[in-house]
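Here are my notes on the model you sent. Please read them with the coordinates open.

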Amino acid sequence: MPPSTVLFKLPMATSISPFKSRDVAVIGAGAAGLVAARELRREGHKVVVFEQQPQVGGTWLYTPTAEADPLGSDPARRVVHSSLYASLRTNLPREVMGFLDNPFVSTGEPHRDSRRFPGHREVSFYLKDFAIRFGLSELIRFETEVVYAGLVEDEKWRVKFRSGDDAAAIDVEEIFDAVVVCNGHHTEPRLAEIPGIDSWPGKHMHSHNYRIPEPFRDQVVVLIGSAASGVDISIDIAQVAKEIHIASRSAEGGMLQKLCSDHIDNMWLHPMIESVQRDGSVIFCDGSVVLADVIIHCTGYKYHFPFLDTNGNVKLDDNRVGPLYKHIFPPLLAPGLSFVGLPWKVVPFPLFEFQSKWIAGILSGRIRLPSQEEMMADVSAFYSSLEASGTPKRYTHKLDGSQFEYDDWLASECGITGVEEWRKKMYTATGKNKKARPDKYRDEWEDEDCMLEAHKDFARRCPNGNGVAHN
């Protein structure tokens with residue numbers, strides 16, 4: 001984050017007066033930015049959404065183009081926002097994925113993907129439909145990059161932006177009452193540290209720049225990481241590669257072990273890499289060695305807010321964005337600055353929706369935040385609990401098993417119903433099915449009871465049959 005020259009007293013967290021319409025800047029028009037814009041407008045705020053791309057969708061906008069820097073580590077590189085690969089399908093069923101009052105149901109149209117676990121293009125269509133149905137496009141300034149957002153006097157935020165792709169474009173600025181950051185976190189790669197990599201003769205890249213398997217035909221490929229992208233990409237490349245070797249920090253290899261032993265005969269699971277050598281060999285921590293052509297880092301991403309100036313009140317520390325109250329508000333800058341979508345290992349779209357409803361209500365004064373001191377105490381207690389459990393800082397925003405408790409807490413604050421029981425049960429059933437049949441879970445399942453319950457719920461909410469609930 002850039003240094004600041006702003007010197008003045010910070011606003012109190014509870015300074016916004018009740019039931020007031022605010023001018024709000026939303027940065028990003030992916031799933032988080034779209035639902036944030038809708039909820040803010042529903043609450044009566046005036047909203048401007050800034051989006052670098054020419055259309056909505058954020059990370060769900062696939063492009064076959066990858067970055068020139070295969071590792072994505074050069075800060076001067078031309079950034080490609082999306083990390084999608086051509087074969088990607090959702091790893092959650094569409095019933096679970098959708099926004100609460102806009103179910104992600106199949107349209108039945110011939111050009112759409114009706115599968116329960118559809119490809120990325122169908123998700124992009126869903127988000128475009130969402131923007132159209134709720135009239136959000138009129139709020140969005142497309143092909144507009146935010147280059148600076150910082151606090152000024154009188155509790156306002158200065159947002160500087162430039163439009164178009166012209167190097168001579170001039171920065172323009174506007175003043176807002178609040179900024180909601182929705183810029184995603186799948187663009188800035190995290191890389192594994194590998195001793196000897198600078199002199200290793202092979203190619204190494206991050207999964208951010210993986211698109212199709214063909215370039216890896218007849219090659220020996222080492223993948224680092226056993227999370228969702230590692231599993232998917234290893235299966236994808238195994239169709240054409242000579243050998244696939246997966247380096248996994250944990251024997252969460254459970255799923256991968258099953259693939260390697262039962263399904264894919266050119267795939268092997270290893271512990272992490274100890275070092276690589278000039279002769280092209282990769283040495284794993286158990287002493288096993290392979291001669292490899294390529295190493296792919298499937299090692300996740302870093303949060304990145306190059307435009308944001310918080311005068312040091314929000315910091316990035318080993319991928320912890322903090323201090324943040326409930327992963328959303330920095331206590332010393334609340335409610336003028338908020339973040340939507342930082343938590344991971346979650347069902348994202350409903351979580352974005354609950355976060356956005358809370359932010360919108362707080363900005364209008366309908367919902368009250370605790371004092372700065374109370375919020376800081378809550379954050380400190382949360383960090384202490386992570387430390388006591390041995391959880392690394394980089395996992396601060398990993399919710400996983402606590403996500404529905406978090407969603408339900410936000411819902412309670414907003415005075416609305418929390419996550420449906422069928423959605424919770426379906427999420428759990430999908431996780432179990434994924435472990436049991438990692439190569440087939442998207443096409444074979446046994447949770448028809450949850451599906452029936454979900455579609456009954458959709459029918460109750462959307463009696464007009466078009467998949468859109470009444471506002």
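This is a predicted model: local features need pLDDT of at least 70, side-chain atom pairs count only at pLDDT 80 or more; totals for chains, interfaces and linings use all residues.

The points below run from the whole chain down to single residues.

1. The chain carries ten helices and 21 strands.

2. **Overall dimensions.** The radius of gyration is 23 Å. A compact globule of 471 residues would come out near 23 Å, so the chain agrees with that expectation. The C-alpha trace spans about 65 × 55 × 50 Å along its principal axes.

3. Of the 471 residues, 54% are buried. Take the contacts with a separation of 6 or more: 68% of them link residues 24 or more positions apart.

4. **Surface and charge.** The accessible surface amounts to about 20800 Å². Carbon and sulfur atoms supply 51% of that surface. The chain has 53 positive and 64 negative charges. Their mean positions lie 3 Å apart.

5. **The largest nonpolar core.** In soluble globular proteins, nonpolar side chains tend to be buried together. Here the largest nonpolar core holds 90 residues. Which members touch the most others? Phe349 and Trp358 do. Helix α6, residues 348-364, is the top contributor to this core, with nine residues.

6. **A second core.** There is also a separate nonpolar core, made of 24 residues. Among them are Phe50, Val179, Val314 and Leu342.

7. **Two cis peptide bonds.** Most residues other than glycine have a negative phi, and most peptide bonds are trans. Two bonds to proline deserve a look here. Gly322 and Pro323 are joined by a cis peptide bond, with omega about 0°. Ala334 and Pro335 are joined by a cis bond too, again with omega about 0°. Where do these prolines sit? Pro323 is in the loop between β20 (320-322) and β21 (337-339). Pro335 is found in the loop between β20 and β21 as well.

8. **Lys345.** This residue is not a glycine, yet its phi is positive, about 55°. Lys345 lies in the loop between β21 and α6.

9. **Asp400.** Asp400 belongs to the loop between α7 (372-388) and α8 (403-414). At 30% relative accessibility, Asp400 counts as partly exposed.

10. **Helix α4.** This helix covers residues 228-238 and is mostly covered. How many of its eleven residues are buried? Eight are. The buried set includes Val231, Ile233, Ile237 and Ala238. Gly230 and Ser234 are buried too, as are Asp232 and Asp236.

11. **Asp232.** This residue lies in helix α4. Its relative accessible area is 16%; the cut-off for burial is under 20%, so Asp232 counts as buried. What does Asp232 touch, beyond residues up to four places away in sequence? The contacts are Tyr85, Arg89 and Arg442.

Definitions and conventions:
Residues are numbered from 1 along each chain as its sequence is written. Side-chain values use heavy atoms; hydrogens and water are left out. Helices (H or I, at least four residues) and strands (E, at least two) are DSSP runs, numbered from the N terminus. The radius of gyration is taken over C-alpha atoms; the globule rule is 2.2 Å times the number of residues to the power 0.38. Buried means under 20% relative accessible area, exposed over 50%, partly exposed in between (1.4 Å probe, protein chains only). Contact means heavy atoms within 4.5 Å. Accessible areas come from the Shrake-Rupley method with a 1.4 Å probe; for residues, only the protein chains shown count as cover. Lys and Arg count as positive and Asp and Glu as negative; His and the chain ends are not counted. The place of a charge is taken as NZ of Lys, CZ of Arg, CG of Asp or CD of Glu. A nonpolar core is a set of buried Ala, Val, Leu, Ile, Met, Phe, Trp, Tyr and Cys residues joined through side-chain atoms within 4.5 Å.
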